[in-house]
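Student: I have a model open and would like to talk it through with you. Could we go element by element?

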Amino acid sequence: MSGGGALRWHLDEVETWPDASDFLTHEARVRETGERVALAVLSDDQTATRNQVDRAAEEAAGRRAIRTLIVAAFEYEADSAPREARGRFEIIRLRANRDLAIAELKAGQKDRAFVVVGEPEIELRDAPGQPARIVVEVKGWNTYDPATGNIRAGKPGDIDCWLLDTDHDGKSFYARRIHFPGKSQDRQLKRFKSALGARIRPEHWASMESLTSAPFRRPKSGRIAVRIVTTTGDEMLAVRDVPSDPKAR
């Protein structure tokens, strides 16, 4: 199991969770640290909800020897951060590769079973000359390369699209802006642009093809969220607080 930075864990002594549980499935020992961790491995037709993770964390935290819960699922409810600290207890969410659902594929050295649901690096800044508005720029992210065992930086060309919720309520992600960076030659986008004709604002279309959003009003909720979808199908989510008063920044 590999995650952000140089973190790599090998899990030994994987055993079925000893108590009756609706969510927890196993416990294991981390070879590198000797720490005992709780595991919740979901099937490919299940989505890990916030409520399920909360209940599992409470149950796992009830055992003194365990300070970490590892959740492995194919899909997560919106706003699921890759790592979450609750005092001394930590929750790590891993996204299962869809290849695991194909029985004919055999495991190999270059296969990756689970990857950490990463968080992209984004920058918020005031829109030039518009203190009531802000812009968001996607700066990058890190990806674990199973072929080399190293961490590599994601490239702009690796982004299939990125979506922006300009007024995030903390419960569900609503894509109010959709961007397709570097896709100016995409046939479908060309047809769409042609159909819109004179209704297009050139500056808005330019931002749609870039990693920087068009200016937008500061959110009433005080939060924005960015979701990135890469060309390999990986998804990453980042949520940021935005002060209502620009001087507070």
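**Strands and cores**

Tutor: Gladly! E13 sits in strand β1 (residues 11-16), where strands (E, at least two residues) and helices (H or I, at least four) are DSSP runs numbered from the N terminus. This is a predicted model, in which local features need pLDDT of at least 70, side-chain atom pairs count only at pLDDT 80 or more, and totals for chains, interfaces and linings use all residues. Residues are numbered from 1 along each chain as its sequence is written, and side-chain values use heavy atoms, with hydrogens and water left out.

Student: Is E13 buried, partly exposed or exposed?

Tutor: Buried means under 20% relative accessible area, exposed means over 50%, and partly exposed lies in between (1.4 Å probe, protein chains only). The backbone of E13 has a positive phi, near 55°, in a residue other than glycine. Because its relative accessibility is 45%, E13 counts as partly exposed.

Student: Why is strand β14 described as largely enclosed by the rest of the structure?

Tutor: β14 covers residues 159-165. It is largely enclosed because, of its seven residues, the number buried is six.

Student: Which residue of β17 stands opposite L164?

Tutor: Two strands pair if DSSP finds at least two bridges between them. β14 and β17 (residues 223-230) run antiparallel and are joined by six bridges. Three bridges also join β14 to β15 (residues 177-179), again antiparallel, and there L164 stands opposite R177. In β17, the residue opposite L164 is V226.

Student: Which residues touch the most other members of the largest nonpolar core?

Tutor: A nonpolar core is a set of buried Ala, Val, Leu, Ile, Met, Phe, Trp, Tyr and Cys residues joined through side-chain atoms within 4.5 Å. In soluble globular proteins, nonpolar side chains tend to be buried together. Here the largest core has 18 residues, and those touching the most other members are L24, L69 and V71.
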